[in-house]
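Here are my notes on the model you sent over. Have it open beside you and follow along point by point.

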Amino acid sequence: MGIEPSAGRAADGPVPDLAVPAPATGGRTGTTPGGESADAPYGDTVGRLAATVERLRGEVRAAHAAADGRALIELAKGVLVERLRCGPAQAARQLAELAAQAGLSQLELAADIVNQAARDQVAEVAEDFVRRAVGEPGTDAAPDAPDASVAVRLRTAESAALNAGDTQSVAESLLEHALAPLGATAVAVWTVGPDASLTLCGHAGFGAEESARWRYVPPGVATVARQALTGRRTVWFPSLEAAGIPSIGHTRHPDGARVAVPAGTGGRIHGVLEICWPRPLPPQPQAVERQIEALAELCGHTLESASAPTVTVVPRPATGVSELVDLAGGLYDPALVLTPYLDPEGRLKDFRIRHANEHFQDPAGRPRSAVDGALLLEAYPAAAGEGELFERVERVYATGEPFRARRARVTALVDQVPLASVADLSISRHGDSVLLIWRIEDETARLASLLQHAQRLGRIGGFEEHVLTGEITWNSQLFDLYGRDPRETPVSLRDLAAHAHPDDSVAIGRFLQAVLHHRRATSTAFRLLRPDGVTRHIRVIAEPVLDPDDALLAVRGAYQDISAQHWTEVALAATRDQLAVTEQESAERNRLALQLQHAIMPPTRAPLDAPGLDVAVRYRPAETESLVGGDWYDAVVLPSKKILLCVGDIAGHGIEAATGMVVLRNALRGLAVTGAGPGQLLSWLNIVAHHLTEQVTATAVCGVFDPETRILRWARAGHLPPVLVRGEEASTLPMLRGLLLGALAEAEYEEAECRLEPEDTILMYTDGLVERRDTSVHDSLAHLLAAAQAPAAGLEARLDALLTHSRSDTDDDTCLIGVRVS
C-alpha cells in the first residue's frame, strides 16, 4: 500500500476502543490447577503462582492486541502524512480530532482511512458487509452481524500478519482477530509443495500432538485442504464427519464444520487456509464468505513472501525461465516454456509463450516464430474451452500437480477454421514457469503401426512379386506363417503347389491361372505343409498390377491363416449333426410318452354309470409337448357299488413320470377292490411308491363315495383338499394330515367323512389348475372358490368354466373331477 507498518509488537500504551475479543484460554474454566476456585483466596504457593502466570498471560495478550491495533493506527497516520503533506505529530492530532467528530474510536477511523486508501479486497468486503448490515435495497441484511467492525477486524488481522515473523504467528493472529468472532476455534495454514504435497506451516487451536501428526500430507491423500487445492475453489463442509474425509483435528470435533480456501496470488496457489468450527454451521451470508476469502488472500501474500529468497542478484522468475529454456532445448520432444501473464490487479489472465524449442510442431503447421513470444490464447483460441489445454495448464500452474495424457485432442484455430490434432501432452510446473511438451502424433506412422498390429492379430502376411525381375517381397508375418527363417528365400506363387497338400493342387492351379493369365483378382484356400511338419489352413488373396498397356508387372496379395476358423467350422458341423440326432430322439421320446399318457388319460371320457350321481372329468395336457407330466385321475364303480374318486400328481416330467403315473393309478384300482377305506388305500399306495418303483414321489387325494348314505370318506397325501360347492357357496374340506407318497417307507393317513346333500358338488383337482408363479397358494385357492361358486348350467359347464377362468401360468398338466349329487 506504499506505507510500511511499524515493526515489532512493543506495546506503548493501550489503544482505546479496540473491539477485538480475547482468545480462549486453552480450556481453563475458572479453576486453578489445584482445583480451587479462581475467585477464592489462594491457600498455597502453587495457587498464587498459577494466578500470577494467568495474569501475565492476559497482559501479554492485551499487549499484543494493543500493538496490532497501534500498527493499524500507524498505517492511517502514514496515509494522512502523504495526503495532507504534514508531519507525524500533526497527523496524529488530525486523526484524534476526526475520530472525536465522527463519534468513532481511533481504531475504527484508522480502518476506514486505510480502506479508502487501499481500495483492495478487504475494503470491498467491509463495504459489502456494511451495506448488507444496514439492509440497503437489493441486499439481504445480515441477521447476526458481529458487534466489532468487519473492517477493524480484517485490518487488525492484516497488520498483525504483516508484523508477524513466521506463518505460525500469522495463523494465531488470524484466529485471534478475525476468525474467533465468527465462532471458529482453530485454523490451519498449509503450504503446497512442488509435488502437490501439503505441509502444515502454521496452526492455532490445535494441540501440539495433533499438529505433529499432520505435519506433512503426501500427494494424492484426500483431505479437506486437498479438496480445495484440486478444485481450486472454496469448499464448505457443514460437518466433517458427514464429509467422509479426514483432516487435522477430526478426533476433537468430528461433527464440526470446516471450510478450506485456496491461498494464492497471480493464479498460483501457494497454500490452503483451513478453518474449524466446533459444531455444524448453517449456510453463511455472502459477507462472511468474502471475509474468509480476503483472509485467504492475505495468507497467499504471506506464503509468497515466506517462499521468496531474501537476497537475489537476478530476479527469480527470469532465472527459472532461462534454466527451463535450456532444459527444453535439450529435449528431443517438442516443448513450450510458458510464464504467467497477469493483469494490473495481479490476476492471471493468460500465459506467455517464452520459448518454443526447435522440435516443436504447430498443429496448424505454422513456424515457431509465429507462436514464440505470443500469448497462449492468442496463438490457440480454441484451447480456452472447458477441459481444453488452457484449463490444464492453469491447473498445473495453480496446484503444481503435473498432468500427463496420451492421445489427447488438441484444437487450433487458424483463419477461423478449427484444426483438430491428436497429441501426447505433458505439463509440469518449474518455479514460476510451466513446461508444456506437445507431441503431435505422426499419422503415417500411426496408421502403419495399426496395420502391422491388425496383421499380427489376424495372422495375415503380405507379399509382392515382380513378374519381370522375379523379385519377391514378404513381410515378417508371412515368414512366420510359412515357418521359414527371414533369411531364406521367399516362395514364388508358381512354386505354391510344392508347399501345399497334393489334394489342393487343382484349386491352386485355377488360382494361378486366374491371376497370371486372366489377370483378375481372386482367392483360394489350401493346406500349407510347413517344414516343421505342421499343417495350416491358408487363404491366399492376390491381384495383378498392370502397366498402361495392360501388361502384367507384378502380383500383390496376402496370406491369412484360417486354421482356427476351419476347425471351428468342422466342430460346428459335427455339433449341428449331433444336435439334429438328439432333437430327433427327444421328439420321438416325447411322442411315445404323449401316446402313452393319452391312452391312459384321455382328455375327455364317457359319463360314469353311477345311480344318483353325476361324475365328470377333465384332463388338460401341458401347453409344451416336451413336458410330459404325471398328473392322473380315476373315477370307477367298485364291486361294492361304491365309487372310487381320486386325482394325483407324480413329481417330474417325461417317460419316468408317465410310467410312474401308470403304476400308481393301476395299483390304486387293484387295492380299492379290497373295500378298504381311503386312508388305508393311500398307506398301501405309499408302500408301492417307495418299494416297488424307482423312488417315485407323488401327491394324491382319494375318496370313496357311498350312494346309499351319500357319505364321502376321503384322505389326502400332500395334496390340496377337495372343494365343496353347496348352494351359492364354495369352501375347501379340512386340511387332513398326510405325507406325500414315496417319501417314507411307512406312513399313516388321516380320514374324514362328509355327508353330501342333494345338489352338492365335490371338486378334486391337481395343482396345474391353481398354481401361479407370482401368487401364493392361499390367494390361488381364494380365486378358485370364487370361480367355483359362480352359477353354472350343469356339472359339465362348471368344469369347463373352471378350466377357462384358471389363472395358472405353469407348464403343467391339469386334472379335474367333479361329482354332483342328484
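1. Let's begin with who touches whom. Among the contacts in the chain with a separation of 6 or more, 59% are between residues 24 or more positions apart; a contact here means heavy atoms within 4.5 Å. Keep in mind that this is a predicted model, where local features need pLDDT of at least 70 and side-chain atom pairs count only at pLDDT 80 or more, while totals for chains, interfaces and linings use all residues. Residues are numbered from 1 along each chain as its sequence is written, and side-chain values use heavy atoms, with hydrogens and water left out.

2. Now the inventory. Of its 822 residues, 43% count as buried. Buried means under 20% relative accessible area, exposed over 50%, and partly exposed in between, using a 1.4 Å probe and protein chains only.

3. Look at one of the sheets. Five strands form an open, antiparallel sheet in the order E13-E12-E16-E15-E14; two strands pair if DSSP finds at least two bridges between them. E13 (472-474) and E14 (522-529) are the edge strands with a single partner each, so one side of each has no neighbour in the sheet. From one strand to the next, the twist averages 25°. E15 (residues 535-546) and E16 (residues 552-561) are joined in the antiparallel sense by 9 bridges, and Glu-543 has Arg-556 in E16 as its bridge partner.

4. What packs on this sheet? Helix H16 (residues 505-517) does, touching E14, E15 and E16, and its direction makes about 140° with that of E14. (Axes are lines fitted to C-alpha atoms, for helices over the stretch in contact, and angles run from 0 to 180 degrees between N-to-C directions.) The buried residues of H16 are Ile-508, Phe-511, Leu-512, Ala-514, Val-515 and Leu-516, and they pack against E14, E15 and E16. After H16 comes Arg-519, with a positive phi near 55°.

5. A quick check on helix length. With 13 residues at 1.5 Å a residue, H16 should span 18 Å, and its end C-alpha atoms are 17 Å apart, which agrees. The expected span is 1.5 Å times one less than the number of residues.

6. Ile-562 is worth a click. It sits in the loop between E16 and helix H17 (563-600). Is Ile-562 buried or exposed? Ile-562 is buried, at a relative accessible area of 13%. Not counting residues up to four places away in sequence, Ile-562 touches Ala-525, His-537, Ile-538 and Arg-539. Its C-alpha atom is 7.7 Å from that of Arg-536, 26 residues apart along the chain.

7. On to another open sheet. Its 5 strands run in the order E17-E26-E25-E22-E23, again with antiparallel pairing. E17 (613-620) and E23 stand at the edges with a single partner strand each, so one side of each lacks a neighbour in the sheet. E17 and E26 (residues 814-821) run antiparallel and are joined by 8 bridges; Arg-618 has Leu-816 in E26 as its bridge partner. H20 packs on the sheet, touching E22, E23 and E25, and H21 lies across E17, E22, E25 and E26 at about 25° to E17.

8. Which residues of H20 are buried? They are Ser-780, Leu-781, Leu-784, Leu-785 and Ala-788. These cover an arc of only 140° around the axis, which puts them on the same side of H20; the arc is that of the directions from the helix axis to the C-beta atoms. An α-helix has 3.6 residues a turn, so residues three or four places apart point the same way.

9. Finally, the cores. The largest nonpolar core has 28 residues, and Trp-632, Leu-644, Ile-650 and Leu-664 have the most contacts inside it. (A nonpolar core is a set of buried Ala, Val, Leu, Ile, Met, Phe, Trp, Tyr and Cys residues joined through side-chain atoms within 4.5 Å.) H18 (655-672) is among the elements that each supply at least two residues of this core, and its 7 residues are the largest share. Apart from this core lies another, of 26 residues, including Val-617, Tyr-619, Ala-635 and Val-819.

Conventions:
Helix = DSSP H or I, 4+ residues; strand = E, 2+ residues; numbered from the N terminus.
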